Amino acid sequence: MAWDYTDEAVEQQKKADPVWFLERQINYGEGGKIDPKLLRQYLPQLNIPNDRRAFLELLLWDKPF
């Protein structure tokens, strides 16, 4: 799955830190579909570019740019 982690390490880290896993999904496209419930919960805490944050807010809450 990941080029820098083994599958087992990714699963362990995913359970321990959902913010880390969401950032990897958004920034690198890893791990399949993004869970909208987790995204709504952790979006303010994510360390992602502003353009991606604005796009996700548009999708989740229909916020204007």
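How many of the 11 residues of helix H2 are buried? The count is 8, so helix H2 (residues 18–28) is mostly covered, where buried means under 20% relative accessible area, exposed over 50% and partly exposed in between, using a 1.4 Å probe and protein chains only. This is a predicted model, in which local features need pLDDT of at least 70 and side-chain atom pairs count only at pLDDT 80 or more, while totals for chains, interfaces and linings use all residues. Residues are numbered from 1 along each chain as its sequence is written, and side-chain values use heavy atoms, leaving out hydrogens and water.

- Helices (H or I, at least four residues) and strands (E, at least two) are DSSP runs, numbered from the N terminus.
- Among the buried residues of H2 are Val19, Trp20, Phe21 and Leu22.
- Their cover includes helix H1 (7–16), helix H3 (36–42) and helix H4 (50–61).

**A charged pair**
- Side chains of opposite charge can pair when their charged atoms come close.
- Searching the whole structure turns up 1 salt bridge, meaning a side-chain nitrogen of Lys or Arg within 4 Å of a carboxyl oxygen of Asp or Glu.
- Arg24 and Glu30 form a salt bridge, with their closest N and O atoms 3.0 Å apart.
- Arg24 and Glu30 are both buried.

**After helix H4**
- Asp62 lies in the segment that follows H4.
- Asp62 counts as exposed because its relative accessibility is 63%.
- Asp62 and Gly29 are 33 residues apart along the chain, and 22 Å separates their C-alpha atoms.

Conventions: Contact = heavy atoms within 4.5 Å.
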